[in-house]
Amino acid sequence: MALKIVKGSIDRMFDKNLQDLVRGIRNHKEDEAKYISTCIDEIKQELKQDNIAVKANAVCKLTYLQMLGYDVSWAAFNIVEVMSSSKFTYKRIGYLAASQCFHESTDVIMLTTNQIRKDLSSPNQYDTGVALTGLSCFVTPDLARDLANDIMTLMSHTKPYIRKKAVLIMYKVFLKYPESLRPAFPRLKEKLEDPDPGVQSAAVNVICELARRNPKNYLSLAPLFFKLMTSSTNNWVLIKIIKLFGALTPLEPRLGKKLIEPLTNLIHSTSAMSLLYECVNTVIAVLISLSSGMPNHSASIQLCVQKLRILIEDSDQNCEPSVNACMKYLGLLAMSKILKTHPKSVQSHKDLILQCLDDKDESIRLRALDLLYGMVSKKNLMEIVKKLMLHVDKAEGTTYRDELLTKIIDICSQSNYQYITNFEWYISILVELTRLEGTRHGHLIASQMLDVAIRVKAIRVFAVAQMATLLDNAHLLTGNVQRKGICEVLYAAAWICGEFSEHLDNPTQTLEAMLRPKVATLPGHIQAVYVQNAAKLFATVLKSQEGNTDSTAAQETSQLMIDRLPLFVQSANLEVQERASCILQLVKYIQKLQQKDVEIAEEVIALFAGELNPVAPKAQKKVPVPEGLDLDAWINEPPSESESEDEQPRAIFAKEEPKHSRPRHTEVDEKELAKRREARKQEQANNPFYIKSSPSSQKVYQEAPGVEHIPVVQIDLSVPLKVPVFCPTGLPMSDQYVKLEEERRQKDRADKKKKEKKKRKEKRSGRGKRHDSGPESEEDITPAHMVDIVTEEMPENALPSDDDDKDPNDPHKALDIDLDKPLADSEKLPVRSHRAAEVLKSPAQDGDAESAASQEPKKKSSKEKREKKKDKDRDRKKSKEDKKKKKKHKHEEKGEDLLGGQAEEPVVQSEATSEVAAPPTSTTAEVSDLDFWLSNAPVPSNTQEAATVVAAAEAAPTSEVASGTAPDSEPDEPKDTETEETKSSKHKKKKQKKEKEEKEKKKKKKHHHHHHHSDGGGEESVQNGTVEEEEPLPPMSNYCLLAENSYIKMMMEDADKVNDIQGNLQDGSQVVVSVIFENKCDSFLKSMEFNVLDSLNSKLQRPEGSGPHDGLTVPFQLPPGVSNEARFVFTMQSIITPQKLKGTLTFIVKNEDSSTHEKLDFKLHFTCTSYLISTPCYSDAFAKLLESGDLKCSSVKLEGVVMPFHHLLARICFRHHFSVVERIDSCASMYSRSIQDHHVCLLVKTSGQTVSIDAKCDEPTLLGNVLDEIKQTFSQC
Amino acid sequence: MIKAILIFNNHGKPRLSKFYEHYNEDTEQQIIRETFHLVSKRDENVCNFLEGGMLIGGSDYKLIYRHYATLYFVFCVDSSESELGILDLIQVFVETLDKCFENVCELDLIFHVDKVHNILAEMVMGGMVLETNMNEIITQVDAQNKMEKSEVSLTLFDIYS
């Protein structure tokens, strides 16, 4: 053994080390590859040895060879071996090699998890450091998930060296495992204030990187960053923070105001150019965000542009020239930011930009090109493009020239060719561009040619002529190999000539050009277009020749086709071959007919009849999914899972989110179906993407939404002009257009002058000035052509969506997570444990799906909260006004209604106190923190900060109190006035009685509020009891008696009807109440008005425009003995406790001879059950939900229940809106969901007369109430 | 984020390549060649920023480079990095190399690419800047080298005892 070690190490002495390898490679310059391959063989031998030192040496050499471009992935396992060496020296070599060549699909990475974990917890900080560094390069989703917890622990390591690395690597972990972001974020945030500057810098780095992609989620960190900005001295940190602020200011203009001062201070104090520049950049961003909508700020923008101009123009003699060049570059870069929002300010520096276009530095030229995009106008487009064309000629490198080419096309085609006044000029520019050698953008030019020719009808004659010339001179384009890219334009040329062949001067000649043998050397797809369009041309030629008496010409043309087409029939390209043989046979047949003197031109033309309309590039995506089509739904139900999984949910009564909770299929009646079918048909008829069933409908389509119906951008014209000399391709024709254009404009101007002289009465102030200074305004330039720019077609009722540009694969999308929400219990990083094999299967996918599912409602809710807050703010204002009014009102009424007035005050007060006691939701607190910080208060110093935060936290609930009082106090008023009216009218006799009632009501109301806000369960249950007792429950009907008198009986169903579920789910706060009105008397009941006293929590939804206390008219009348049902929608804020609302129904009882006004008081009782929606849930999803761990547990026992188990279940299902997930013998799991997405799970077990119900829900209060209600249900039977 | 760090000489020979995103070896070589092609044809006194480069980048990415004697130091970064900040970082990197190798020259990089990697690892980690303070970087590098030395002598001791 000892001998072996010695032998190994002696071997090692004679092995090549890295230096030897490098030296060897340098000495074998002639046969480097051969030398290296022998070295690799040696390395392979070394790797086979047991000695780790030898292996490490080999791996080290491999790392070098990897840099030279040799694939070393075959040694991945050996790299892992070296990584796991106990010696730091080898470990480091191993990790370096791994970081250079491991990636997500390296399978041995799976083996490293435990080794890395071991290294992370090593007592030697450099072992840990090396592992972190390596991991940062090859972390995979699996590694991220498995190690997230370990890394998070390291974030609080005692050594700052480890802390900073751990903090930094968290970003990579977030990217690969987005679920870790929320659990890890609090600690990350903490690290922003780490005593070590390195750790702080790392935390800033990570948060800035996160915030850059989803800035709005990090807005609440602004105060913290602000503090850092004013306290940090690390320029790198400052730069990052300032860049981050640059991204945040557009979201929050108030932030900008706060930033200006410290930024200005930094600009004055710093000596670091890099920091200075970023400050300036952010100041620009601030100014932009401030000036949008505020004209007075554009002056400061102007100033900024001026300063940037100085930066670009002047060079500091003391600096290196390259530094000056850098500043020039950055100046232009900053300007392009301003250009986006303030094009006018930049446009005045056109001279500078054009000058930069001549810079010797390509980077600067490219920046200038970018700026040019925003500078063009109708007036200067030709001039600018002319200049660019000169550059195209001069440019040496193909990259820059290609860039120029794309820019020219970009500039000209921007916003629907807005700035092009003369399309002949544009076509000739495009033709000139085809002269470029070796460009990759032949395709781009071709598509422009096609686009213009198709969309600008007026230009077709000219375009066709140009294209014919191109085809004629095709040899120029295909001449040498280098021009491969450019031959794409022939594709466009051939198509245009064929499609618009009626405009050709000499179609026969073009046809001949298209059938030349040389064409066979073109790429297949171009040949195919040639062949197809040759056929179109042939049809046109036939048409023109048919009128002639002499038929030989026509026959000659057919002969030409027959002679030339066989060449294409032999083509190796399938498309070409197919088209050619088809057309060849067709022509042969035509020839036969020609010989019989049959007139066939019309029929041949008919082959190609009809016009093709341009379709917008994103049209396909915008086609809306037809109503009722669920693309995610199974067409056939998937085969059921294995039995073993079926057993799971019973065994574990634990928790998780139901992944598969699918949308319920709403039952649709026949009528509805018919309606939908009709709608779909209508939609299809208007949709170009549907293949129509009958040819007639196709025609209809062609005519109806055809060219005439497409919105057309009309540009009117004056004199159409022609370039007198028709130049062959290759001569810069466009210049002549520029000249002509100038002449034309001058003429126009002269004309206008004349006109103006005639119309003296017009104010000529503006115009006069323009004449002096020379340039004309945009409107003065008339285009040279009558141009219809046909806009592209979009499918009807296309979905307006802005997310087209977003890359669905962007890893940062998954990190768009609300970080202000408090952490749920389930949000923990996975801790090391033995996982079952099946969990391993697809952890990444599972995770994604779960997170998506769980994030959706979260985001929604936070948004809702914010919106609600806004609403409240609005309400608050309103309520103040209302209050004022009310006070006046009160004074007037005081004498009469003293009692009511007094009762009012305490109610409000109790309200307020209870509100204060309620803890504010954290979101509102956060937001208001930020609001407070952003409000115009003086910049808080460090000591003040804490105080302000506290103050803000206090401010939040008080504001809620203020807003909270309003809606509650409102309903009191209408009562008073209403009763007042009634008193004054018919029912004067009952006055006394009424007043008594009034008192009672007030008392009850008070009581009600009390109940509402106290969380004491006992009191509630008492109330529940009293109410429930009154309800006579007919078997298995959810209707219960609401109120009854001699005239009318009201029955209520507190459930939501099937039809309404969707609405409910969307709103999450709506409950529909169905009330049956039954006329019990012999009289006719009419003018029924249903009114409810809204509480803070529940409101009756009233039609828009009506006040908060108007009654709702019941939309029917009731003849004697008839009953009818009406539905009322209520909006609920909180659904976790049962609610009671008092209401009144007023109606008129009409007899033959008289009519009386009657009223009926009732109480609406919203049980917690009524907020539940029976939702089907699959057992696996159910199990997941239970496993998830964020549900609170509760249970209840029912004694003395004598009914079969299935009856019991049916009762729970029916009464309490649950659905059975699974049932085994005397045990069943049930599920329901509230309208606000609380999950409620039940496990019902029965033994004898005892029924035990274990329940879980993410909202304990709701659960308690539901269980109480269930108990009630069974206590009554 | 930094996407890649490349060092090559005036002839385009790679002296160090560190990609923070995975490419296969052939693409890496192509990127190095292309980058060299782009950078080498630029004058000395033009700016140090470069757009384009088909393989690496896209519109959000930039090449930021410095030329020292026979070597080009090129960083490919996205828009979250400050251009001038990266230029400073390159300077810090070169100065650190100079301290660690005592008057660094191309030969040092040729023969000790592993050491260069180790130094770089203390500055940039997984594409993010870890440390910009030269002294801190040197301290950590030295400490690790010392550890390595003690291990080597220990190994030798093992062998000969």
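## Polar contacts across the interface

In this predicted model, 37 residue pairs are in polar contact across the interface of chain B and chain A, both residues at pLDDT 80 or more. A polar contact is a pair of N or O atoms within 3.5 Å; within protein, one must be able to donate a hydrogen and the other to accept it, and residues adjacent in sequence count only if both atoms are side-chain atoms.

Several elements of chain B each supply at least two residues of the side that touches chain A, including strand S2 (14-19), helix H1 (25-40), helix H2 (83-101) and helix H5 (134-160). Helices (H or I, at least four residues) and strands (E, at least two) are DSSP runs, numbered from the N terminus. H5(B) gives the largest share, twelve residues.

## Extent and salt bridges

The contact (heavy atoms within 4.5 Å) takes 66 residues from chain B and 72 residues from chain A. The two chains bury about 6200 Å² between them, 57% of it on carbon and sulfur atoms. Buried area is the accessible area (1.4 Å probe) that two parts lose on being put together, summed over both.

Eight salt bridges are counted between chain B and chain A. The term requires a side-chain nitrogen of Lys or Arg within 4 Å of a carboxyl oxygen of Asp or Glu. The side chains of Glu131(B) and Lys164(A) form one, at 2.7 Å, N to O.

## Gln19(A)

Gln19(A) sits in helix H2 (residues 18-27) of chain A. Leaving aside neighbours within four places in sequence, Gln19(A) is in contact with Phe111(B) and His112(B). The side chains of Gln19(A) and His112(B) make a polar contact at 3.4 Å. Lys61(A) is 42 residues from Gln19(A) in sequence, and the C-alpha atoms are 8.9 Å apart.

## Basis of the model

Residues are numbered from 1 along each chain as its sequence is written, and chains are lettered from A and ligands numbered from 1 in the order in which they are written. Local features need pLDDT of at least 70, side-chain atom pairs count only at pLDDT 80 or more, and totals for chains, interfaces and linings use all residues, while side-chain values use heavy atoms, with hydrogens and water left out.
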